[in-house]
Amino acid sequence: MSVQHVSSQGAQRLGTQSQGAQSQGALSRDARSRDARSRGTQSLGAPPSPEVYDEVAYAYDGTLEGLLSAIFAAYANHEYPSDVAPARLLQPRLGQRVAYIDTNESHAKRVAAGIRRQCGSYSFEAVKRASLSDQPDAGTAAYRFVRYAMDEQKRRDCATCRKSASCPGARGKGPCPKRRAAAFSDISHPAVEPLFKITRAINNECEHMRQFIRFQHLGDGQAQDLWFARCNPKASVVPLIMPHFVERFNVQPFIIYDEVHHLAGVYDGGDWYLVNTGSAENLTLPLPDPTAEEQLYSEAWRTFYRCVSIDARYNPELRRHFMPKRFWKNLTEMQETPAALRMQG
Amino acid sequence: MNVIEKLEILADAAKYDVACTSSGVDRSGRNGQLGATRAAGCCHSFTPDGRCITLLKVLFTNVCTYDCAYCVNRKSNTEVKRTAFTPQELADLTIGFYRRNYIEGLFLSSGVVGCPDRTTELMVEALRILREDYGFRGYIHAKAIPGTSVELLDALGRLSDRLSVNLELPSQQSLGLLAPAKSRASILAPMRHIHDSIADDKESRARKRKNLTIYQSLAKPVRRARAFAPAGQSTQMIIGATPESDYHILNLSASLYQTMQLKRVFFSAYLPVVKNPLLPATDAVQLNREHRLYQADWLMRFYGFNVAEIIDEDHPFLEPDVDPKANWALNHLDFFPVEVNTAPLEALLRVPGIGVRGAKLILRARRQSTLGEAELRKLGIAYKRARYFITMNGSYGGKGVDFSRDALHARLAAPIDGGRHGRRAAKTTPGQMTLFESTEQAAVLPEASASNKAALETAFEAQRRALNAANGPVAGIAIGASAAVAPSAAASCSTSRREENAKGSSNAAQRGMPQAAGHRVTNPGHPLLQVG
């Protein structure tokens with residue numbers, strides 16, 4: 001086994017035709033057939049025996065396109081990377097070679113189209129959500145799911161279907177449309193379950209954001225008019241929640257700023273877009289001052305919050321269960337004074 | 001008085017309304033208009049007691065001409081400052097909160113100022129400003145005041161998403177005793193009217209969708225009328241202020257679900273907010289009882305349970321130490337074990353530890369693979385509880401434990417988690433073995449304590465006397481009979497309950513269980529529902 005040892009910092013950039021990849025072809029085929037034989041009996045969730053996966057990790061740039069490019073590269077190189085992770089989250093294992101995969105738009109599009117065609121759009125949504133996750137194993141979960149699902153879908157032939165003559169699946173254009181969703185439905189399978197859990201975690205975080213985003217009205221209400229919200233989600237979910245807020249607050253231009261991922265969702269009254277502020281050093285947001293009414297409404301809201309609680313039913317554990325403490329710093333009602341909400345970045 | 005001071009008083013006065021849901025209607029946003037709703041609802045905050053805040057829950061005014069004994073806003077309560085919003089103030093406050101994503105909409109209730117019609121007119125005006133002047137598309141829940149005219153009720157229903165009429169107390173006698181201005185008929189008439197209006201509205205909309213309606217005029221209607229309360233109606237009642245049993249309460253709510261198609265029946269554990277000899281003076285809120293009632297309510301609404309399966313006349317209170325579903329399972333061991341790989345959804349829903357979501361995940365996962373213990377754990381099933389009641393591809397999950405009622409009861413009995421800081425915080429671990437068996441088992445929770453029991457008994461005795469004085473002895477027997485098993489008796493330990501089970505109904509009759517005609521309940525025609 002020709003494993004290139006690299007230092008932990010040396011995320012080595014390798015092209016798609018690397019020396020290591022070619023010499024590992026035989027091993028990969030061997031591993032694949034063994035993998036196929038043991039499906040169903042051996043749990044992929046348990047640590048795999050060392051030969052099953054190549055000792056290679058793929059690092060990508062953390063975007064969806066990057067993840068899809070990494071999946072493309074795995075097929076193109078005939079490699080079975082044991083880890084696929086964003087470069088900033090990847091921790092190389094002992095003796096593991098790290099290959100940095102360049103993001104390639106056209107590769108990403110091909111993979112996206114392939115997943116949609118073979119496994120349905122629901123599966124693609126799951127992969128998309130995994131790319132937004134902060135968990136280091138999210139990329140691996142997505143990659144293993146795609147490997148499993150693409151193989152599995154090939155077995156779903158339409159031999160017994162009465163409509164096989166007119167079905168696109170019969171002519172080699174992909175599986176029967178009715179069977180596409182089956183790829184993601186076997187949630188107890190070790191290749192599907194991690195992705196299913198990540199998807200569910202992301203969806204929960206989206207719901208938390210829909211609940212706990214708090215806007216402040218900034219500007220003078222005339223020329224300057226902005227509704228600003230700051231949030232600290234566990235995953236980069238701003239792109240997923242923007243449609244929800246644009247739908248209900250289409251009468252007010254607003255910004256949702258994710259201070260963890262340095263990403264701002266901006267709605268200007270017509271269209272919404274994302275602004276990445278990650279590259280800006282020591283960013284200070286030149287925000288206008290709050291409007292005169294802002295103080296009144298936040299004070300009213302804090303008063304309301306104080307009043308509706310019933311002391312006889314006091315149960316802080318239950319509150320923390322529903323409203324975890326990590327959100328409290330951006331919640332108007334949880335501040336001692338209305339001015340305690342931070343205005344500047 | 002400024003708006004914040006008003007809000008302080010009126011939010012405080014409204015906090016005993018338990019219903020706080022923004023669910024039941026999907027309304028997409030519209031360009032240029034504020035707001036949208038989702039059928040699932042959205043909780044925007046949580047109070048220190050763990051209840052959700054989804055709507056701006058306020059009274060329009062806390063001035064009230066009624067004198068209901070249990071209510072903080074009763075006419076004779078002089079300790080409360082009285083105030084009222086103007087419709088414009090309330091609408092502005094709602095919009096201001098909504099735009100900051102504090103709330104999902106408005107929950108508007110009110111004390112009765114002048115007459116019910118006048119009160120409803122003011123509420124309708126506030127909602128009209130919201131819906132028409134501000135074009136608000138968020139959620140609105142309005143309380144219908146009993147005694148309001150039909151026209152105003154229609155106007156209210158067209159502006160709001162959900163309507164509710166409070167049932168207040170679970171029986172006619174209690175209502176007459178504690179809320180003399182309200183009667184069975186005056187509460188049920190608007191409820192029935194709302195039910196009929198919703199049904200009419202739905203039907204006419206369905207016909208229009210199918211193009212079954214032929215318009216007489218050629219001109220199309222300029223603007224579609226708003227749907228009448230598209231998210232349905234709900235109600236709430238107070239638990240523990242009066243001696244009605246869980247059996248009575250659950251049968252009442254079951255018949256409300258059947259005949260009135262209510263979306264929800266809310267239970268509110270009685271809290272002593274005003275002093276009255278007719279009311280329990282105890283500070284111990286029956287939160288655990290409320291919890292069990294909600295569990296039973298969920299079984300009826302989502303798990304396909306019939307009320308007769310959950311509770312029967314011989315055991316008129318829910319078990320305090322096991323939940324109603326586990327209790328059903330323990331009483332029907334012949335139904336189990338269930339094979340998870342082949343059982344239908346209805347059977348899976350009967351297994352303790354498998355909920356609606358878990359059952360659906362099982363159906364989805366087992367299409368492609370055979371489920372064993374590892375798979376079930378991955379799906380998020382409470383395997384610890386479910387294992388005694390299932391087989392997985394033929395192998396029984398609960399090996400090593402006797403498949404009998406007593407053994408399984410010990411496994412499934414679990415205290416209700418009431419937190420570590422509140423009054424429900426467990427002082428000792430229930431069921432823990434002690435060195436001294438002769439020591440009497442201490443009441444774990446304040447609501448099960450002896451002083452609480454005594455306070456309830458005193459109040460129920462006073463209620464009985466008042467009823468006897470007012471109605472003559474007949475009604476008094478009915479209430480008195482059910483009072484013999486006071487709610488606190490439900491909190492006694494389960495072994496004595498089981499002995500009672502064994503002795504059967506003759507024992508129940510000796511103890512004066514409610515067998516009077518006034519309490520015998522059949523589903524379609526609950527006595528409280530028959531408007532006389």
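Trainee: Start with Pro233(A). Is Pro233(A) buried or exposed?
Mentor: Buried, because Pro233(A) has 25 C-beta neighbours inside 10 Å. The rule is 20 or more other C-beta atoms within 10 Å for buried, 12 or fewer for exposed, and partly exposed in between, with C-beta atoms placed from the backbone.

Trainee: Where does Pro233(A) sit?
Mentor: In the loop between strand S6 (225-231) and helix H7 (238-248) of chain A. Helices (H or I, at least four residues) and strands (E, at least two) are DSSP runs, numbered from the N terminus.

Trainee: And which residues is Pro233(A) in contact with?
Mentor: Setting aside neighbours within four places in sequence, Pro233(A) contacts Glu205(A), Met209(A), Asp258(A) and Val260(A). Contact means C-beta atoms, placed from the backbone, within 7 Å. Asp134(A) is 99 residues from Pro233(A) in sequence, and their C-alpha atoms are 9.8 Å apart.

Trainee: Before I go on, what kind of model is this, and how is the numbering done?
Mentor: It is a predicted model: local features need pLDDT of at least 70, side-chain atom pairs count only at pLDDT 80 or more, and totals for chains, interfaces and linings use all residues. Residues are numbered from 1 along each chain as its sequence is written, while chains are lettered from A and ligands numbered from 1 in the order in which they are written.

Trainee: What are the scores?
Mentor: ipTM is 0.83 and pTM is 0.82. Chain A has a mean pLDDT (the predictor's confidence in each residue, from 0 to 100) of 81, and 78% of its residues reach 70 or more. Chain B averages 82, with 81% of the residues at 70 or above.

Trainee: Where does pLDDT stay under 50?
Mentor: Residues 1-44 of chain A are one such stretch, and the model has 48 contacts beyond four places in sequence for them. Residues 473-525 of chain B are another, with 86 such contacts.

Trainee: Switching to the core. Which residues have the most contacts inside the largest nonpolar core?
Mentor: Tyr58(A), Ala70(A) and Ala142(A), in a core of 202 residues. Such a core is a set of buried Ala, Val, Leu, Ile, Met, Phe, Trp, Tyr and Cys residues joined through C-beta atoms within 7 Å. Helix H4 (residues 105-132) of chain A gives the largest share of this core, nine residues.

Trainee: What does Ala70(A) touch?
Mentor: Tyr58(A), Tyr60(A), Val84(A), Ile101(A), Gly139(A) and Tyr143(A), leaving out residues up to four places away in sequence.

Trainee: Now the interface. How many residues of each chain are in contact?
Mentor: 52 residues of chain B contact 42 residues of chain A. On the chain B side, H1(B) gives the most, with six residues. The chain B side divides into 22 nonpolar, 17 polar and 13 charged residues. Here Ala, Val, Leu, Ile, Met, Phe, Trp, Tyr, Cys and Pro count as nonpolar, Asp, Glu, Lys and Arg as charged, and the others, Gly among them, as polar.

Trainee: Which residues are buried in helix H4 of chain B?
Mentor: In H4(B), residues 150-159, the buried ones are Leu153(B), Leu156(B), Gly157(B) and Leu159(B).

Trainee: Why are they on the same side of H4(B)?
Mentor: Because they cover an arc of only 165° around the axis. The arc is that of the directions from the helix axis to the C-beta atoms.

Trainee: What's on the face turned away?
Mentor: Val150(B) and Glu151(B), both exposed. The cover over the buried residues of H4(B) includes helix H3 (116-133), strand S5 (139-143), strand S6 (162-164) and helix H6 (184-209) of chain B.

Trainee: Last topic, backbone geometry. Which peptide bond is cis?
Mentor: The one from Phe336(B) to Pro337(B), with omega near -5°. Pro337(B) is in the loop between helix H10 (324-331) and strand S9 (338-339) of chain B.

Trainee: And what about phi at Glu168(B)?
Mentor: Positive, about 65°, although Glu168(B) is not a glycine. Glu168(B) is buried, with 21 other C-beta atoms within 10 Å. Ala229(B), also not a glycine, has a positive phi of about 40°. With 29 C-beta neighbours inside 10 Å, Ala229(B) counts as buried. Most residues other than glycine have a negative phi, and most peptide bonds are trans.

Notes: Two residues are in contact if their C-beta atoms, placed from the backbone, lie within 7 Å.
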